[in-house]
Amino acid sequence: MASSSSYNSPCAACKFLRRKCMPGCIFAPYFPPEEPQKFANVHKIFGASNVTKLLNELLPHQREDAVNSLAYEAEARVRDPVYGCVGAISFLQRQVQRLQKELDAANADLLRYSYTDITPTSLSVPPGLASFHQVPQRQFSARFGNEASGFYRHQSAATAFSFPYALPWTDTSSEDISEGAGAGGGNL
């Protein structure tokens with residue numbers, strides 16, 4: 001056969017199973033002849049008859065997603081026969097947790113460095129204003145990013161810093177004012 005169009009050549013499934021590809025073949029739209037390994041993996045893990053039953057039970061608009069899912073799981077299972085795609089997911093979750101810890105440590109370092117740069121001697125208070133030590137201290141929580149995302153569930157004690165001056169973006173309610181002004185919080 002000189003032409004490689006889908007009309008003249010059988011789909012990868014029919015070619016693999018060594019049967020004639022009929023015009024209404026259930027596999028043809030999802031296993032093109034250019035991707036024979038895709039069907040070989042799916043057949044090895046799930047079996048052609050099981051895939052046929054599954055595709056026949058699904059609505060036509062759901063079949064492509066199902067085939068893509070089967071192909072992904074089959075390829076992962078061929079690469080890792082014990083864990084399959086669960087092994088890849090677990091690896092990625094551990095990597096995200098490790099990177100999150102690194103990010104939290106870097107953010108804590110940034111806060112610590114920015115906190116040490118703001119010392120009472122480096123602040124210039126114009127004469128006539130309240131004394132620097134008389135301003136109530138505010139608590140500042142070092143939480144970055146989307147706090148509702150679940151990545152920032154626990155606030156460590158190392159990331160809460162006490163500033164000796166009122167921050168402009170905090171409210172002035174009495175709940176935010178910490179007890180013991182001048183103590184510095186002792187959270188470094």
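Predicted model: local features only at pLDDT ≥ 70, side-chain atom pairs only at ≥ 80, totals over all residues.
Local features require pLDDT of at least 70 and side-chain atom pairs count only at pLDDT 80 or more, while totals for chains, interfaces and linings use all residues. Residues are numbered from 1 along each chain as its sequence is written, and side-chain values use heavy atoms, with hydrogens and water left out.

**Salt bridges**

The structure contains five salt bridges, each defined as a side-chain nitrogen of Lys or Arg within 4 Å of a carboxyl oxygen of Asp or Glu. The table lists some, including the pair K38 and E35.

| Pair | N to O distance |
|---|---|
| K38 and E35 | 3.8 Å |
| R79 and E75 | 2.7 Å |
| R112 and D109 | 2.2 Å |

R79 and E75 both belong to helix α4 (residues 60–79), where four residues, about one turn, separate them; helices are DSSP runs of H or I with at least four residues, numbered from the N terminus. R112 and D109 are three residues apart in helix α5, about one helical turn.

R79 is exposed at 67% relative accessibility, whereas E75 is partly exposed at 35%. Here exposed means over 50% relative accessible area, buried under 20%, and partly exposed in between, with a 1.4 Å probe and protein chains only. E35 is partly exposed at 37%, as are R112 at 34% and D109 at 27%.

**Nonpolar patch**

V82, Y83 and V86 make up a nonpolar surface patch with about 330 Å² of accessible area together. Such a patch joins nonpolar side chains (Val, Leu, Ile, Met, Phe, Trp, Tyr) within 5 Å, from residues with over 30% relative accessible area and no salt bridge; areas follow the Shrake-Rupley method with a 1.4 Å probe. V86 lies in helix α5 (residues 85–117) and is partly exposed at 48% relative accessible area.

Note on methods: Patch = residues over 30% accessible without salt bridge, like charges linked within 9 Å, V, L, I, M, F, W, Y side chains within 5 Å. Helix = DSSP H or I, 4+ residues; strand = E, 2+ residues; numbered from the N terminus.
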